[in-house]
Amino acid sequence: MELTTVWFVLIAFLWIGYFVLEGFDFGVGILLRVLGRDEPERRALVTTIGPVWDGNEVWLIVAAGATFAAFPEWYATLFSGFYLPLFAILVALIVRGVALEYRGKRDDLPWRSRMDTMIAVGSLLPALLWGITFANLLRGVPLDASYEYVGSLGDLLSPFALLGGLTFTAVFVAHGAIFLALRTTDELRDRANRMAGLSGLVAAILAGGFLAWAQQIRGDRWSLLIAGLAVLSLLGGLVANRFRREGWAFAGTALAIALAVTSLFVAMFPAVMPSTLDPESTLTTVAAASTPYTLKILTVIAAIFTPLVMLYQGWTYWVFRKRVMVEPPVAVPSGAGS
Amino acid sequence: MDTLDLARWQFAITTVYHFFFVPVTISLVAITAGLQTAWYRTGKDKYLRLTKFYGKLFLINIAMGVVTGLVQEFQFGMNWSDYSRFVGDVFGAPLALEGLLAFFVESTFIGLWIFGWDRLPKKVHLACIWMVVLGTQLSAYFILAANSWMQNPVGFRYNAERGRAELTDIWAVLTNKVVLVTFPHTIFAAFMVGGAFVAGVAIWHLVRRPGVDTGAFRTALRLGAVIVVVAGAGVALSGDQQGKVMTEVQPMKMAAAEALYESEKPASFSVFTIGTLDGSREIFSVKVPYLLSFLATGHFDSEVQGINNLQQAYEKLYGPGSYNPNVPLTYWTFRLMIGVGMAAVGLAVLLLWLTRRGREPHRLLIWLALPLPLLPLVANVFGWVFTETGRQPWLVFGLLPTSAGVSPGTTSGEVLTSLLGFTLLYGVLAVVEVKLMFKSIRAGLPGAAGTPGDPTRPDSGDDGSAEAEADAKPLSFAY
């Protein structure tokens with residue numbers, strides 16, 4: 001395999017890792033105020049992702065950094081072209097990260113309630129915007145001959161892109177609900193289970209429609225096959241959820257996200273940024289890539305350290321495998337800490 | 001203002017802001033790890049409580065460092081896409097290394113450390129915080145290697161056809177002589193901030209809460225002050241080396257740092273100047289003869305090149321244009337970096353003297369609690385402003401002018417939107433962060449493990465003990 005292709009696969013892998021992992025903590029964030037009815041419950045919900053969300057987010061940083069290193073043209077065109085959506089994603093992720101870390105550092109209810117709202121909004125917005133971004137990546141955007149984005153913000157908000165945003169959001173909500181059913185107990189667990197069934201159904205319908213539309217725009221039989229398998233995995237996860245097999249259900253949605261993102265990348269290849277203006281100005285892996293020397297070094301580093309990262313991140317999930325219980329409040333509520 | 005100016009302001013604001021949290025993170029995590037190691041070794045309760053206390057302050061700080069770091073990873077592509085195209089082949093590699101080797105380690109092991117107090121064996125839990133220390137050091141090294149390449153490009157060839165720099169020797173990039181001196185300088189400077197922070201917080205407690213946890217805070221005060229002094233010496237020594245390397249690879253930066261227009265042999269160092277720094281007239285200046293020659297080359301009588309001579313040489317080399325950085329800015333930030341940093345070391349020495357052999361700190365010393373950590377932090381910022389503006393008009397020295405790096409397709413409206421958005425958000429977050437930091441500092445040491453609340457606390461009413469009890473439980477310690 002060409003090194004440029006290897007790196008296309010690796011970048012796809014990093015995005016898959018990001019969406020599978022941060023997907024459920026986005027879902028937990030969005031559902032925080034829906035499933036958690038009081039402070040101890042919401043605290044339990046946040047605790048399920050507490051030790052891992054930051055590590056999940058690093059997949060995004062590494063995906064961006066690896067794109068910069070392996071495909072500088074792709075990084076440059078994507079990040080400058082999708083300027084305002086990415087700015088909004090950054091603002092949301094900043095607000096969310098601060099809220100996740102600071103909510104428990106004060107013992108007063110209004111503070112925690114404000115932080116919970118920030119977590120919810122900061123999770124919803126990126127889910128929606130990543131969907132819009134990836135739909136646009138696949139659909140193609142106006143690029144000129146020097147691979148410069150020449151469209152406006154309006155070009156990024158086509159119906160297909162908006163459907164992409166809704167699909168990502170719904171899938172992450174279902175994925176997050178299943179994660180919560182897997183990681184909590186008693187009533188929270190039941191509530192999460194019901195939410196997973198409901199949101200999963202919506203997610204399956206949206207994902208089916210979005211992936212079918214995506215195939216219309218671009219794709220081959222491989223991307224079609226993988227997209228089909230993605231929908232099947234999602235449905236399989238929902239069936240498992242119905243029978244309260246939470247581990248299988250989580251595996252189902254995780255696999256569904258991985259396959260869906262794979263099908264988008266397979267459909268795009270060898271383009272990384274298709275142009276809607278002129279096929280000549282479509283940015284491809286080869287045109288976007290760094291030199292073979294740089295790619296070779298990056299490959300050696302990635303081959304050694306990616307498995308290592310997966311190993312110790314996996315270990316974290318093992319350490320915190322115990323279900324989180326709702327604990328009664330320890331402090332006098334409201335104003336005690338001020 | 002056009003897109004270029006806006007993009008430069010945005011980079012300056014977001015990066016300086018990000019760097020408020022970086023030195024605190026680098027040093028405070030190591031000091032926390034040291035305290036936890038002391039507890040592991042000696043079993044003394046005060047070390048555990050100091051670990052949790054300073055560990056919590058570290059977590060409040062790093063949360064901001066992490067989220068503002070996201071912006072760093074994105075904005076090269078957003079505002080500086082032509083720069084990204086030009087340097088990606090070289091610059092991307094250390095950046096990707098930083099993500100893969102450092103960020104994953106930091107984020108994962110911080111989670112394990114926060115939540116692992118009762119899940120992991122003591123030894124493994126201690127190893128987790130040391131892994132975070134390792135991550136921060138690696139991260140610093142890789143990002144400084146990338147920055148050093150912009151100061152002194154090595155290990156590459158210029159591909160005229162693609163119009164970009166291409167990596168030919170990764171080892172040369174990672175052992176760039178600039179990074180070899182910049183890394184220790186930055187790390188020592190970071191430890192000055194962390195040491196001063198630990199000592200400053202301790203003074204506040206010793207003066208404001210006499211009799212409460214005096215032993216523990218006295219340890220923290222002395223430890224913090226010693227760190228400032230030792231790190232200060234490291235900063236001076238590494239800075240001296242750095243000056244010599246800078247004179248060699250970026251003589252213009254050294255000339256601008258001194259506002260030295262005509263070459264001098266031997267050159268004197270001006271401590272400060274009243275008047276304009278444009279070379280036309282100098283009203284009053286205090287000078288130390290021979291010193292600049294020594295700082296720049298290590299010899300008291302060698303020649304130091306002036307701005308005018310270098311300008312002529314660069315015009316021959318790179319074509320017509322101005323190759324001067326902003327001289328007053330470079331001149332003053334260089335002096336302020338040194339002066340403010342030295343003041344911090346002076347305060348730390350004073351503090352050690354005044355608290356020698358068990359002496360209790362005088363109540364007036366509380367006036368040092370805030371300036372002590374702020375001085376080295378400000379010195380750090382002056383240092384960065386100096387080194388980055390001193391590189392101008394180049395983005396990559398000798399290769400890519402700053403004006404050629406900005407995103408060609410991005411509108412000034414977009415850049416202005418994000419500039420205002422980030423500035424506003426960062427302003428609000430600064431207030432939230434500082435308030436939370438002060439609140440957590442005031443709360444004092446948490447109760448020891450197993451003993452809810454500290455009986456010696458005079459304000460250990462219902463609220464206090466509830467909070468202390470919460471702090472004693474592993475999960476509530478952080479979330």
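A residue counts as buried when its relative accessible area is under 20%, as exposed when over 50%, and as partly exposed in between, with a 1.4 Å probe and protein chains only. The model is predicted, so local features need pLDDT of at least 70 and side-chain atom pairs count only at pLDDT 80 or more, while totals for chains, interfaces and linings use all residues. Residues are numbered from 1 along each chain as its sequence is written, chains are lettered from A and ligands numbered from 1 in the order in which they are written, and side-chain values use heavy atoms, leaving out hydrogens and water.

Helices (H or I, at least four residues) and strands (E, at least two) are DSSP runs, numbered from the N terminus. Helix 2 of chain A covers residues 39–49 and is mostly covered, with ten of its eleven residues buried. The buried residues are Glu39(A), Pro40(A), Glu41(A), Arg42(A), Ala44(A), Leu45(A), Val46(A), Thr47(A), Thr48(A) and Ile49(A).

Ala240(A) counts as buried because its relative accessibility is 12%. Leaving aside residues up to four places away in sequence, Ala240(A) touches Arg245(A), Trp248(A) and Ala249(A), where contact means heavy atoms within 4.5 Å. Gly197(A) is 43 residues from Ala240(A) along the chain, and their C-alpha atoms are separated by 9.9 Å.

The C-alpha trace of chain B spans about 75 × 50 × 40 Å along its principal axes. Of the 479 residues, 60% count as buried. Among contacts in chain B with a separation of 6 or more, 79% join residues 24 or more positions apart.

A local example is Gly163(B), found in the loop between strand 1 (156–159) and strand 2 of chain B. Gly163(B) is classed as partly exposed because its relative accessible area is 31%. Beyond residues up to four places away in sequence, Gly163(B) touches Phe86(B) and Tyr158(B). Gly163(B) and Phe86(B) are 77 residues apart in sequence, yet 6.7 Å apart in space, C-alpha to C-alpha.

The two chains meet through 77 residues from chain B and 74 residues from chain A. Together they bury about 6800 Å², 72% of it on carbon and sulfur atoms; buried area is the accessible area (1.4 Å probe) that two parts lose on being put together, summed over both. Two salt bridges are found across this interface, each requiring a side-chain nitrogen of Lys or Arg within 4 Å of a carboxyl oxygen of Asp or Glu. One salt bridge joins Arg85(B) to Glu73(A), with the closest N and O atoms 2.8 Å apart. On the side of chain B that touches chain A, the largest share, 24 residues, comes from helix 3 of chain B.
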